[in-house]
Structure formats: C-alpha cells, structure tokens
Amino acid sequence: MGAELIPMAFTTGWGSGINAYAVVLVLGLADKIWGLSQIPNALARTDVLIGAGILFAVEMLADKIPYVDSVWDSVHTVVRPAVGATIGYLIGHDTASLDAAVGAATGGVTALISHGIKAGLRAAVNTSPEPASNVLVSTTEDVTVTGVTALAIAHPWWAAAIALLLLLLGAFLVYKLAARIRRYKRRYDAWGERVGIAAPSEHRGRDAPTVQRRALRSRRTRADERLEQQT
C-alpha cells in the first residue's frame, strides 16, 4: 500500500463518520466487480455486502426523519469510529503490522471527528420546523460520501484533500451554528423525556448548578422574610 495508506485511511475514516455502510458498500462492490488490489478482500465478502446493504437502507430512512436521525447518530457514536478503524486496519494489514496500526488509528480518529461534526450539523438542521431540510441534507451526505470514497479508489490523495476540506468546512459550520445546536439539545432532551428515552431534566448533571442556585435563592428569600417578621 505504501504512500496510499494514509490518504485512503483518512478518506474512508471521514466517510465512515458520516455513513459507514455506504463506505463499506462502495469499497466492497468495487473489489467484488473489478478485483482491486488496494481494497481489502474482506470487504467484498457476500455476507459483509448483504449486511452493509441492509443497514445502509435502514440508515437512509432513519437519517431523514427529525429526532430519529439524532437517536441513530447517538447509537452510532461507537459504530462509525469502529468501522473507520477496522477499514483503516484492513487497508494497512497486507503490508506491515505498523501500517495496520497507523491505518486503524487514522481511520478511527477521523471517523470519530467526522461523526461528531455530522451529529452537530444535523442537530442544527433539526431546529428547522419543516422536514424537507433533513431529506436534502441526508441525501447530500450520502451522495458526497459515495462519490469521495469512489474517488479514493483511483486517486486517494485527491479524495483525501476533498475530505479534509469538507471536514474543516463542517467544523466551521458547527462553530457558527453553536447556538442553534444548543437550542436543539434542549428540545431533544425534552422530546427524550416525553418518549421515555432520557432522564428528567432535574436528574441531569448539567442542570445541577441551576437547581442549586434556585434552592439558594429560595433559602435567602425565606431568611429575609423571617427577619422582616422579627423586626
């Protein structure tokens, strides 16, 4: 693999953080059809392709429904980095053990960062009252991941450059949309309470300082009232 290891692992890691099953399908089908040496043979196994295809279909549906997409992202906080690390490991496994370790680290870390950016951007999109934006953003993600991953097979360095630019752009957008993301987080927590998948707000650690401040103000008010009665 040589010099192609890092850009290939980086690109597939970036793609795995957004849609891991699309990355597996693109690489696996390419190897299945053309027998490419730069793609690990394990990805072209029939059982792997069938499993990835089913999960890709499920993700296509779940990723386009407001709130459901965030639940899906939460579940895949571990899955996507694991897939990115596994693909990176397999890419470097045929050359040397050190290459396998480097590939796994590159793919896993990149997938984790990419997943965090995706989840943040989807949270911002979910503040919109209409569902059309979810469908548009999800479809754009699927098409982009598929195209960049396919490009990585023939031109890994070009694909890695595009993936890096998209990663930086996503991080910038998350920074600019931080207020909307925090607003969505409050709405998502409230929705989670209603459907029973989140703890009540008074039990969440982030609300503890607020509860303590309210209790302190209440005690001070009662103390002031007692002083007034005594005078």
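Biologist: A contact means heavy atoms within 4.5 Å. With that in hand, what share of the contacts with a separation of 6 or more comes from residues 24 or more positions apart?

Modeller: They account for 70% of those contacts in the chain. Keep in mind that this is a predicted model.

Biologist: Thanks! How many helices and strands are there?

Modeller: The chain has 8 helices and 0 strands. Read from the N terminus, the order is α-α-α-α-α-α-α-α.

Biologist: And how much of the chain is buried?

Modeller: Of its 231 residues, 40% count as buried.

Biologist: Let's go inside, then. How many residues does the largest nonpolar core have, and which have the most contacts inside it?

Modeller: That core has 33 residues, and Trp-14, Leu-27, Ile-87 and Ile-153 have the most contacts inside it. Two or more of its residues come from each of helix 1 (5-34), helix 2 (46-62), helix 3 (68-93), helix 5 (132-154) and helix 6 (156-176).

Biologist: Which helix gives the largest share?

Modeller: Helix 1 does, with 14 residues. There is also a second, separate core of 5 residues, with Tyr-67, Ala-123, Ile-181 and Tyr-184 among them.

Biologist: How do helix 1 and helix 6 cross?

Modeller: Their axes come within 8 Å and cross at roughly 40 degrees, so the two helices are oblique to each other. The crossing is left-handed.

Biologist: Which residues meet there?

Modeller: From helix 1 you have Pro-7, Met-8, Phe-10, Thr-11 and Trp-14. They meet a set in helix 6 that includes Pro-156, Trp-157, Ala-163 and Leu-167. The residues of this contact divide into 12 nonpolar, 1 polar and no charged.

Biologist: And helix 5 with helix 1: at what angle do their axes cross?

Modeller: At roughly 80 degrees, with the axes coming within 8 Å. Helix 1 and helix 5 are therefore roughly perpendicular to each other. On the helix 1 side, the contact includes Met-8, Trp-14, Ile-18 and Leu-27, and on the helix 5 side it includes Glu-141, Asp-142, Val-148 and Ile-153.

Biologist: How do the residues of that contact divide into nonpolar, polar and charged?

Modeller: They divide into 13 nonpolar, 6 polar and 2 charged.

Biologist: What about helix 1 and helix 3: what angle do they pack at?

Modeller: About 135 degrees, with their axes 8 Å apart. Angles over 145 degrees would count as roughly antiparallel, so helix 1 and helix 3 are oblique. Their crossing is right-handed, and the residues of this contact are 14 nonpolar, 8 polar and 1 charged.

Biologist: Met-8 has come up a few times. Is Met-8 buried or exposed?

Modeller: Met-8, which lies in helix 1, is buried, with a relative accessible area of 2%. Met-8 and Ile-91 are 83 residues apart in sequence but 7.9 Å apart in space, C-alpha to C-alpha.

Biologist: Last one, about the backbone. What is phi of Tyr-67?

Modeller: Near 75 degrees, a positive value in a residue other than glycine. Most residues other than glycine have a negative phi.

Biologist: Where is Tyr-67 placed?

Modeller: Tyr-67 is in the loop between helix 2 and helix 3. Tyr-67 has a relative accessible area of 17%; the cut-off for buried is under 20%, so Tyr-67 counts as buried.

Note on methods. Residues numbered from 1 in each chain as written. Predicted model: local features only at pLDDT ≥ 70, side-chain atom pairs only at ≥ 80, totals over all residues. Heavy atoms only, no water. Core = buried A, V, L, I, M, F, W, Y, C linked by side-chain atoms within 4.5 Å. Buried < 20%, exposed > 50% of the residue type's maximum accessible area, 1.4 Å probe, protein only. Helix = DSSP H or I, 4+ residues; strand = E, 2+ residues; numbered from the N terminus. Axes fitted to C-alpha atoms, helices over the stretch in contact; angles between N-to-C directions. Parallel < 35°, antiparallel > 145°, perpendicular 65-115°, else oblique. Left-handed = near helix turned anticlockwise from the far one by under 90°. Nonpolar A, V, L, I, M, F, W, Y, C, P; charged D, E, K, R; others polar.
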